[in-house]
Amino acid sequence: MKTLYLHIGSPKTGTTSIQCFCYANRDKLMERGYCYPQFPHPYLRQYSRLNPRRNGLFLHAKYKNEQGIRDKEEEARIFKEGLQKVQDLFLEYDSIVLSDEGLWRAVSRGRKSLWRELRQEAEKGSFIVKVIAYIRKQDELLESWWNQTIKHGATKYSAMTWEEYLHVYPKDINLDYYSLLKAAADVLGAENIVVRRFQPEFFAGGSLLSDFLHVLGLELTDEYLISDQYVNTKMSENYCEIKRIINNMPEVKLEDRWRYEKMLRELSIVSNKEHSNRMFSNEEASDFMKKYEESNRKLYQTFLADGQPLFLEKENVAEKWRKENSYMLTDLVRFIVIANLSREREESEHLRNQNHGIRRWIVRFIKKCGASLTG
């Protein structure tokens, strides 16, 4: 049976690594009858900072015209065009793989009709839709998602403290995994919802990539190209606080926030090694998880029921981050020094380019004058 595999996240479960792996190995996948297509369309202009390997963007992204006004007719056209390409690809391939973690949030909000629309398309094209979802403990996912929200600095939540965010997070991300996936199962069938735990102990073959291929019915071999350059580095809690303050400064433009993001992510590599923290205390995390006990129980019974725990507890849990920690001054000094050095280098490079341009103009002018005299 021809199959459309739709990988929807959840966020912060290695989706970037999966997408980049599939793109880098698309020829190998095609040899095995699996197509990981690309969709060039106007969204790429508006979502230029997103990973371009996210090939399921056309299923949910909003489109704005040159005046910045949302154009729903254009969204519908791009959606229809994308689905037609899927139908055309099924003439050549038995399996098509689409991946976009933005779908996790979209189907909880403005794209609740997506499952019905995909089922109608599947009936028309005689294929089935299998939804692939990776899940992790809600407390860990929330901490990681808040970290990324602060890191990117592009939404209304990007300047919120952790405590402030805890009061509003349900509006930002759906942590009720059961309700989200049950809505898909009600339309596509529970047998077509593949739930995988985002914990190494549960990965088939011992890695996320081998596990994802296992879901597709493939095996990770030496033929595939694997790169570690797509790791989405976690920003350390200290640098997250520094970035949060920067996000709250109206004089700092979005482009500058992104420049600071790159700098702080690189500094976080050292910071995370020196001191490991998390935003919840152990007691707070335990209390938080109680909110999802019933939902997780239903999720397990409906989609897993394999005799194993839903999630494994970590043996060494990091301490709760506190603003007055002893490493904050060290991290702050590092940031100030690197930021100043970066600015000085940029100014020096600009000056060198400017002087080079002046020198070229002088040379051209002298040659021109010489030519005039000889003439």
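Residues are numbered from 1 along each chain as its sequence is written, and side-chain values use heavy atoms, with hydrogens and water left out. In this predicted model, local features need pLDDT of at least 70, side-chain atom pairs count only at pLDDT 80 or more, and totals for chains, interfaces and linings use all residues.

The protein chain has 15 helices and 7 strands. Both are DSSP runs numbered from the N terminus: helices are H or I with at least four residues, strands are E with at least two. Of the 375 residues, 47% count as buried. Buried means under 20% relative accessible area, exposed over 50%, and partly exposed in between (1.4 Å probe, protein chains only). Among contacts between residues at least 6 apart in sequence, 76% join residues at least 24 apart. Contact means heavy atoms within 4.5 Å.

Five strands form an open, parallel sheet in the order β2-β3-β1-β4-β5. Two strands pair if DSSP finds at least two bridges between them. β2 (34-35) and β5 (193-197) each have a single partner strand, so one side of each is left without a neighbour in the sheet. β2 pairs with β3 (residues 95-99) over 2 bridges. Here Tyr 34 stands opposite Ser 95. Helix α14 (residues 293-304) packs on the sheet and touches β4 (127-135) and β5. The direction of α14 makes about 120° with that of β5. Axes are lines fitted to C-alpha atoms, for helices over the stretch in contact, and angles run from 0 to 180 degrees between N-to-C directions.

β4 is mostly covered, with 8 of its 9 residues buried. Strand β1 (residues 2-7) pairs with β4 over 6 bridges. Lys 2 has Phe 127 in β4 as its bridge partner. β4 also pairs with β5, over 5 bridges. In that pairing, Ile 132 stands opposite Val 194.

Helix α11 (residues 237-247) has 10 of its 11 residues buried, so it is largely enclosed by the rest of the structure. Its buried residues include Glu 237, Tyr 239, Lys 243 and Arg 244.

Thr 15 is found in helix α1 (residues 15-24). At 5% relative accessibility, Thr 15 counts as buried. Beyond its neighbours within four places in sequence, Thr 15 is in contact with His 7, Gly 9, Ser 10 and Glu 101. Ser 10 lies in the loop between β1 and α1. The peptide bond from Gly 9 to Ser 10 is cis, with omega near 0°.

Most residues other than glycine have a negative phi, and most peptide bonds are trans. Ser 126, in the loop between α6 (114-125) and β4, has a positive phi near 55°. Ala 305 also has a positive phi, of about 45°. Ala 305 lies in the loop between α14 and β7 (319-320).

The second largest pocket holds about 260 Å³ of space. On a 1 Å grid over the protein atoms alone, a pocket is an open set of points where a 1.4 Å probe fits, with protein on both sides within 12 Å along at least five of seven lines; lining residues have an atom within 4 Å of a point. Its volume is the space filled by probe spheres set on the points. The lining includes Arg 136, Glu 140, Phe 198, Leu 312 and Lys 314. By class, the lining residues are 5 nonpolar, 1 polar and 5 charged. Ala, Val, Leu, Ile, Met, Phe, Trp, Tyr, Cys and Pro count as nonpolar, Asp, Glu, Lys and Arg as charged, and the others, Gly among them, as polar.
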